[in-house]
Structure formats: C-alpha cells, structure tokens
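Biologist: Hi, I'm new to this one. Could you walk me through it?

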Amino acid sequence: MIHIATACGAGMGSSLVLRMYTEDVLKELGVEANVEAMDVPQVKGAKVDLVLTSPALVDNVSGGRAKVKPISNYIDKSLIKAALIEYLDEEGIPYKKE
C-alpha cells in the first residue's frame with residue numbers, strides 16, 4: 001500500500017483539503033493508499049512514499065526517500081490526478097485507466 005502525505009506550510013487546513021481530494025482521485029483510479037495530512041516539519045520525519053504539496057514548499061519537503069509532486073491548486077482534481085498518475089507510472093503501480 002502506498003503511503004502519501006499532503007503537506008502545507010502552517011496549520012492543517014489546506015493539507016486536509018488536499019488529502020480529501022487526493023483520496024477521491026485515488027478511489028477513481030482504483031488505488032489503495034493511506035493518505036495523511038501533515039505540516040512541513042511532520043513530513044520531514046515521516047516514512048511516506050509520496051508527498052503532495054504546493055510548488056512553494058517542494059524544496060522544504062524534498063531530500064528524503066519520498067518523491068515530491070507539486071500541486072498548484074489543491075481543489076483541482078485534474079492536477080492531482082496528473083501528479084498521481086505520473087507517480088504511479090514511475091513506480092509501475094497499476095491503476096484504472098479511462
């Protein structure tokens with residue numbers, strides 16, 4: 001199972017929104033994953049496979065073993081889907097194709 005972190009800079013509001021939309025897209029793709037909302041300090045110590053965050057925070061959460069994908073609009077499912085499909089293709093993880 002994939003472990004995904006959705007990250008925001010401060011607080012948890014936007015990362016929770018991104019988590020909910022990410023879970024919706026994963027369901028559409030037929031992919032099982034554990035998605036957790038975090039702030040930047042939490043992400044740095046987390047054992048996750050993928051981090052979805054804003055382009056401004058990519059450098060702040062990079063450097064670990066997790067791949068990082070920027071999402072410029074947290075409520076745009078097409079952007080989230082594109083980032084997830086890119087990751088799934090890179091990792092060879094099967095998903096429902098349209």
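Modeller: Let's go through a helix, the core and some salt bridges. This is a predicted model, where local features need pLDDT of at least 70 and side-chain atom pairs count only at pLDDT 80 or more, while totals for chains, interfaces and linings use all residues. Residues are numbered from 1 along each chain as its sequence is written, and side-chain values use heavy atoms, with hydrogens and water left out.

Biologist: Okay, how many residues does helix 1 have?

Modeller: Helix 1 covers residues 13–29, so 17 residues, and reaches 25 Å from first C-alpha to last, close to the 24 Å expected at 1.5 Å a residue. Helices here are DSSP runs of H or I with at least four residues, strands are E runs of at least two, and both are numbered from the N terminus. The expected span is 1.5 Å times one less than the number of residues.

Biologist: Which residues of helix 1 are buried?

Modeller: Ser 15, Leu 18, Thr 22, Val 25, Leu 26 and Leu 29. Buried means under 20% relative accessible area, exposed over 50%, and partly exposed in between, with a 1.4 Å probe and protein chains only.

Biologist: And what covers the buried residues of helix 1?

Modeller: The cover includes strand 1 (2–8), strand 2 (33–39), strand 3 (50–53) and helix 4 (77–91). On the other side of helix 1, Gly 13 and Lys 27 are exposed.

Biologist: Switching topic: which residues touch the most other members in the largest nonpolar core?

Modeller: That core has 18 residues, and the ones touching the most other members are Ile 4, Leu 29, Val 31, Leu 52, Ile 71, Leu 84 and Leu 88. Helix 4 gives the largest share, five residues. A nonpolar core is a set of buried Ala, Val, Leu, Ile, Met, Phe, Trp, Tyr and Cys residues joined through side-chain atoms within 4.5 Å.

Biologist: Now salt bridges. How many does a search of the whole structure find?

Modeller: Seven. Each is a side-chain nitrogen of Lys or Arg within 4 Å of a carboxyl oxygen of Asp or Glu.

Biologist: What does Glu 90 form a salt bridge with?

Modeller: One partner is Lys 69, with the closest N and O atoms 2.9 Å apart. Glu 90 lies in helix 4 and Lys 69 in strand 4, so the pair ties together parts 21 residues apart in sequence. Glu 90 also meets Lys 67, at 3.2 Å from N to O.

Biologist: Is Lys 69 buried or exposed?

Modeller: Lys 69 counts as buried, at 8% relative accessibility. Shared partners join Lys 67, Lys 69, Glu 86, Glu 90 and Glu 91 into one salt-bridge network.

How values were computed: Contact = heavy atoms within 4.5 Å.
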